[in-house]
Each structure stands twice: as C-alpha cells, then as structure tokens.
Amino acid sequence: MNFTNTLVKGKLVKRYKRFFTDIEVNNKIVTAHCPNTGSMKGLLEQGNEVWISPQNDPSRKLKFTLEIIKVKKRLIGVNTHRANRIVQHGLENKLIDEFKNTKNIKPEFKYSSDTRFDFLCDKNLLEVKNVTLLRNDVAEFPDAVTTRGAKHLKMLINSIKKGYKAYVLFLTQIQGINNFRIAKDIDPNYFKDYIEAKKAGVKFLAYRCSLNSKQIKIEKKIKIIDAK
C-alpha cells in the first residue's frame, strides 16, 4: 500500500484528547490527527521521530495525519485506518500464504445484524487486528482491554458451527520484529477467549509489515509464541 502523499518527518511533542497530536516540524508545531483509539502504550515518548501525511481535503480541520512513530530504532505504523487496506493489498498480491488461492475477496462482510468481519475470502472469514505494542523485542496485542476483540472471537467460534473457516490476522506494523504473543497481563479475558477460540478451530496468524516513508506492505509471517 503506497502513501498518496510524501510523508513529512517531525518529532512528537504530545498526544492529547485521544485524537490530537502535536508534532514539531522545522521548528514549528503542527497538530495532526491521531487515527488510533488504542492506548498506544510505549509509543508516545516526547521527542520520538514521527512521520505524518499531508491531507488535501479542504473540509478537514487538521491538515496532517500521524502515520509512523520510531521507537527503539524500529518504525511502527500507528494508523489503524490503513490496516485493512494493507491486508487487502496483501490478499490481492498473494502475500499471505494461507490465502494465496483465494478467488473472491469481499471486504466488510456482514455476518449478522450486529457483526461485520473485515474480509470474506471465498468461505473463509478473516478478522484483522492492528498490532503496535512492542515489549522486550516481542510484538503484542492488545495494548488495552478490548471488549470488541473478545466479541469477535466469540462470533468467529459461532461461524465455525455454520460452516465457515475462521481466521484472525495480527497485522504487526513493527519493523523487523520476529515474534508475536497475546498480552495476557493487559487483558486476561481476551487471552482466555483466545485459548477458547483456538480450541474451537479458529486459526491465528501473525504477519509483519515492511515500512518506510513511501509505503507499508505485508512482508513475512512471524511466530506466535506462548504468553507469559
């Protein structure tokens, strides 16, 4: 997935009111939209290098969007709105091994009156979770309690009973990382539901991305290790 506009490099000043970030660019402060509703745990240290995208929509109040933060010498993609586009690019370009033979890709599949899954790939349901948490050189999800994520796991279990194959893909937008695990200490209930879903037949995948100021795309499958 290519960025439409060239990203602008700056330094993080602060994030506030969840959706606002002040960024220092060329000794001036600009306010950028923060398209990530999570805690962004471990990412928000003042002075971190960041990259923001200029927005050309005249109706937008904020003219920049936060895209990438550099933490511990790794680039981390924080725009959760791009996650599904990255995965769709991966599906269409056969970058995800388990879906290389997919013929029909349907985004935003309405499974029930109150549940949508990110993709229906032939008869496979695919739910995408964006991963930005990095601790001890391991990518982790979630970075905060996620009742929505737990609901999706329960509905995926339900889908297997209806004849679907069910997958969760942890899209790890963390440069050069090789291992992923569930953050059991942050959300023990999600971990419990994850174990239940595995036993029920839900398949869990973790893929990392390559990132730079021009594009983000799926790079390779990484290992899911046991939670501590």
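Visitor: Why does K154 count as partly exposed?

Guide: Its relative accessibility is 46%. Buried means under 20% relative accessible area, exposed means over 50%, and partly exposed lies in between (1.4 Å probe, protein chains only). K154 therefore counts as partly exposed. This is a predicted model: local features need pLDDT of at least 70, side-chain atom pairs count only at pLDDT 80 or more, and totals for chains, interfaces and linings use all residues. Residues are numbered from 1 along each chain as its sequence is written, and side-chain values use heavy atoms, with hydrogens and water left out.

Visitor: What makes D193 count as buried or exposed?

Guide: D193 has 7% relative accessibility, so it counts as buried.

Visitor: How do you know that the side chains of K154 and D193 meet in a salt bridge?

Guide: The N to O distance is 3.0 Å. A salt bridge is a side-chain nitrogen of Lys or Arg within 4 Å of a carboxyl oxygen of Asp or Glu. Helices (H or I, at least four residues) and strands (E, at least two) are DSSP runs, numbered from the N terminus.

Visitor: Why is D185 called exposed?

Guide: Its relative accessible area is 54%. The cut-off is passed, so D185 is exposed. Its side chain meets that of R135 in a salt bridge, at 2.8 Å, N to O. D185 sits in the loop between β13 and α3 (188-200), R135 in strand β10, 50 residues apart.

Visitor: What do R181 and E140 tie together?

Guide: Their side chains meet in a salt bridge of 3.6 Å, N to O. R181 lies in strand β13 and E140 in strand β11 (residues 138-141), so the pair ties together parts 41 residues apart in sequence. R181 and E140 are both buried. R135, E140, R181 and D185 are linked in a network of salt bridges.

Visitor: Which strands form the open sheet, and in what order?

Guide: Four strands do, in the order β10-β11-β13-β16, with mixed pairing. β10 (133-135) and β16 (223-224) are the edge strands, since each pairs on one side only.

Visitor: How many bridges join β13 to β16?

Guide: Two bridges join strand β13 (residues 179-182) to β16, and the two run parallel. Strands pair if DSSP finds at least two bridges between them, so β13 and β16 pair. F180 stands opposite I224 in β16.
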